[in-house]
Amino acid sequence: MTAHLPALIPVAPLVIALLTPILARLSVTLVRITALTALLISLASSAGALQHALVEGTWHYHFGGWAPPWGIEYVIDPLAGIIAVLVSFFCLLVLVYAAPYLAGKPAQEKGYFYTLYLLLAAGLLGMVVTGDVFNLYVFLEISSLAAYALIASGGSRATVAAYRYLLIGTAAASLYLLGIGYLYALTGSLNMADLAVLLPPLAATNAVALAVALITIGLGIKMALFPLHGWLPDAYSSAPAPVAGILAAVMAKVSAYAIYRILYFVFKTAAPVQVALDIAGWMAAAGILYGSIMAIAQRDLWRMLAYSSVAQMAYIILGLALGNIMGLYGALLQILSHAFTKGCLFLVAGSISHQTGIRDIPRLARLSRRMPWTLAAFVVAAMSMVGLPPTVGFFSKWYLMLGAVEAGAWVFVAVLVASSLLTAVYFFRVLEYAYLKEDQGQVEGQTREVKAAGGWELAPAMLVPVLILGLGILTLGIFSDQIISGYIHFALPWRMP
Amino acid sequence: MLALTAGYINFWLIAILLLVGFYGIIATENLLKKLMALNVISVAIILFYLNLGQKAGGTVPILPPGVEAGVTEAYANPLPHTLMLTAIVVGVATTGVGLAMLRKIYKRYGSLEEPVVLKEMRK
């Protein structure tokens, strides 16, 4: 069985996804148990494969026994291993969180939710482990289609948001497909490792430049890089709570990972890549400021978090654009950091809205008394967003800052500092309402009574994932040195063998 | 200019088709027509790949019994076709999900014109 660990990572949720509509007719509890088991298998396989990659080197798994470049291979190097563990961990955690949200819905609808959710997980994990650019496209579309349908399950407004996301997302995937079409026409290969060997002699041609542009723009739309972020605020803020959590935490990260993988591991140092990274870096700097300022202007907590995502995702691209060791450390740590931080924030926002129906920031008044633990996690995540030690957000921004100083990119340094200050403004506004503002009678009248949750401030299945993420932010921060030297260091493109 | 167009007329036509698709997505205000424009883009990309595997006088890459392999020049590359089979399936799935959403939108807002839907949403 262990010989097939890389295949199990995406296949376990994929197979169970196909079974769930049938199982849902028997028992929803059964569906829930099988879904959790499938994701647990993914998490265990990812962890095992990561361990193997760190100890014995990159693991090439030939799917169906066909050798590359003809067959599809799954490649687990430390980079793919880290991201696979991250993605499967979040998929599992958010699935636990989804139970109270689904309570009270008809059995059939629950079954469909689990099916789509597992398809999303399978698509994301497949994108991470595949070593084939066309296979990546297929998994990208699997995860995207599942995401569109999951967002649309949030009601009529969500359907419109999901439909617009579908149009933009499919156009983006088409650009990516066209880009790899050029690579295929040039080299006759679709295997990443093979392309990395075949491309350097062709690096100066216009076709490679066009392929770089198409792929970067296509994946840039998917990860909501400014100014290609138009779909994100509506999609995130109208999706159901667990869906918003998983989208914000890992979906955009996987596209960022794909950009990193293709630009740094496939194209390597081809001249067009440098141009693409320079442009993307400036776009990222603009996006950091734009996202932060737009977040300040929002009244709806979810929209504020969504705009903040536009800014925080741009940090990753900023780190990639810097291109030195510190910058890449920062970018990769930011992938982990933002997954935990924004995942935690969206789950808290979802819990608040599930428990009390509140979404507007001014109506959060004195919520800290009713939901102390939930808001404690929010405070930790907010500190990580602003970049205060000892949270992991501090360390990712610190490495980015070091990278920017090393590269002499003083504008980026200024942008990073300014962004931290702007982030502080919009998060302290939320905290001010939640902890300090007195209830006003009129506001109180509109607030729904807190739902009974068996004596808990929140159903345990929701509270526990929120607290795990809150603790995770602190733990990752405290052990950030070990994470950098033990894991992230091996995920650099010029890593030591 | 003539040299650029003469040998590559099929690719120029595909490029035009692709741009028609993108124009359609941006310019039309009807949500269903946007989905159709998306399909035009997908067709353009499928044709692009198929052209890569095309060869004048090329035949299917199957060896009849008793024939020695060797004259690979006679065969058309089958890989782009298989890749595009996958892309067609993806396109069908996307269109299906899109149409299902459009049904929901039409039921709720009574129109598929984007400005009307947005106006209804603000109410």
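Which domains does the domain assignment of chain A give? The legends below start from that point; the model is predicted.

**View 1. The two domains of chain A.** The domain assignment divides chain A into domain 1, residues 1–131, and domain 2, residues 132–491. Taken over C-alpha atoms, the centres of domain 1 and domain 2 of chain A are 21 Å apart. In the contact between them, domain 1 of chain A takes part with 34 residues and domain 2 of chain A with 41 residues.

**View 2. The side of domain 1 of chain A that touches domain 2 of chain A.** Two helices of chain A, α3 (78–102) and α4 (107–129), each supply at least two residues of this side. The largest share comes from α3(A), with 16 residues. By residue class, this side of domain 1 of chain A holds 29 nonpolar residues, four polar residues and one charged residue.

**View 3. The contact between chain B and chain A.** Here 25 residues of chain B are in contact with 23 residues of chain A. On the side of chain B that touches chain A, the elements giving two or more residues are α3 (31–52), α4 (79–109) and α5 (114–122) of chain B.

**View 4. Helix α4(B) and the make-up of the side of chain B that touches chain A.** With 13 residues, α4(B) gives the most to this side. Sorted by class, the residues that chain B places on this side are 18 nonpolar, four polar and three charged.

Methods
Residues numbered from 1 in each chain as written. Chains lettered and ligands numbered in written order. Predicted model: local features only at pLDDT ≥ 70, side-chain atom pairs only at ≥ 80, totals over all residues. Contact = placed C-beta atoms within 7 Å. Helix = DSSP H or I, 4+ residues; strand = E, 2+ residues; numbered from the N terminus. Nonpolar A, V, L, I, M, F, W, Y, C, P; charged D, E, K, R; others polar. Domains from an automatic or database assignment.
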